[in-house]
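User: I'm new to this structure and would like to learn how to read it. Could you walk me through some features?

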Amino acid sequence: MSQDLMAMLTQAFDESTKLYQERGFQRRVGFGKKPALVSVDLANAWTRPGNPFTCDQEKMDNEIIPGMQRLLKAFRAAKLPVIHVTTAYEITDRNAPFTDMGLWHNKIPVDVVDLADKELWAIDSRIAPVEGEYTLLKKRASSFHGTELAGILRANGVDTILVTGVTACACVRQTICDGIADGFRPIAVKECIGDRVPGAVAWNLFDIDAKFGDVESVDRCIDYIETIAQSQS
């Protein structure tokens with residue numbers, strides 16, 4: 001992100017923070033008793049170069065993937081739930097009389113993520129699922145919309161979701177919004193959320209932190225996970 005753009009955003013955030021705090025926004029939802037990691041669309045079509053959905057590769061390789069590796073290590077050590085979320089479509093012909101893409105293909109090129117090409121929607125090998133973790137296939141932006149996610153979380157006693165992935169302006173944001181609407185405490189893991197467009201991550205994390213969930217660092221989240229693990233030992 002350019003320095004000029006970041007300076008403009010910082011000024012906007014400072015001014016907005018004053019307004020929000022005067023009106024009682026930016027409260028804390030806080031960590032709960034049992035978290036799950038919900039990793040949104042960190043699949044090859046988003047994490048690797050050469051796809052319409054490819055995200056910022058510098059941030060992906062140097063922040064998001066390393067941060068995810070640290071989070072996964074902590075979650076696995078604590079034996080806490082991990083859900084990997086990806087997106088793909090079975091009927092990708094835009095002229096078909098019926099398609100699981102719904103209307104979304106009229107806005108963005110979801111037709112390129114063909115269910116038949118598993119490599120596209122497979123979770124990035126650097127953070128690949130291990131035995132005991134679940135991979136959820138969604139069709140819309142939110143990981144909750146039309147999926148089994150809320151039921152799985154409730155059945156496992158989860159009250160807090162640590163959300164990572166891409167993109168900040170769409171699938172991550174919608175997952176967090178639906179998460180708090182469904183009664184979960186959403187925590188956006190700052191270093192593990194990306195996008196394609198400069199400024200999109202910074203703005204969306206600021207707005208999420210004001211209204212829908214708490215933005216926390218990888219270090220803070222790992223401290224929380226390790227505290228839970230110690231209490232269970």
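User: Which residue is the bridge partner of T87 in strand 3?

Analyst: This is a predicted model, and in it T87 has K138 as its bridge partner in strand 3. Strand 2 and strand 3 (residues 134-138) run parallel, joined by five bridges.

User: What about strand 1: in which sense does it pair with strand 2?

Analyst: Strand 1 (residues 35-40) also pairs with strand 2 in the parallel sense, over four bridges. One example is V40, whose bridge partner in strand 2 is V85.

User: How do I read which way the side chains of strand 2 point?

Analyst: Here is the general idea: side chains in a regular strand alternate between the two faces of the sheet. In strand 2, V82, H84 and T86 point one way, while I83, V85 and T87 point the other way.

User: Are the residues of strand 2 buried or exposed?

Analyst: Buried means under 20% relative accessible area. Six of the six residues of strand 2 (residues 82-87) are buried, so strand 2 is largely enclosed by the rest of the structure.

User: Where does strand 2 meet a pocket?

Analyst: Look at the second largest pocket, with a volume of about 180 Å³. Among its 14 lining residues, L80, P81, V82, G132 and E133 are the closest to the centre. Helix 3 (57-78) and strand 2 are the elements that give two or more residues to this lining. By class, the lining has eight nonpolar, two polar and four charged residues.

User: And what covers the buried residues of helix 6?

Analyst: The cover includes strand 1, strand 3, strand 4 (160-166), strand 5 (185-194) and helix 7 (200-211). Among the buried residues of helix 6 (residues 171-181) are V172, I176 and C177.

Terms used. Residues numbered from 1 in each chain as written. Predicted model: local features only at pLDDT ≥ 70, side-chain atom pairs only at ≥ 80, totals over all residues. Heavy atoms only, no water. Buried < 20%, exposed > 50% of the residue type's maximum accessible area, 1.4 Å probe, protein only. Pairing = 2+ DSSP bridges. Contact = heavy atoms within 4.5 Å. 1 Å grid on protein atoms, 1.4 Å probe; cavity = no way out; pocket = protein on both sides within 12 Å on 5 of 7 lines; lining within 4 Å. Points joined across faces, edges and corners; volume = space filled by probe spheres on them. Nonpolar A, V, L, I, M, F, W, Y, C, P; charged D, E, K, R; others polar.
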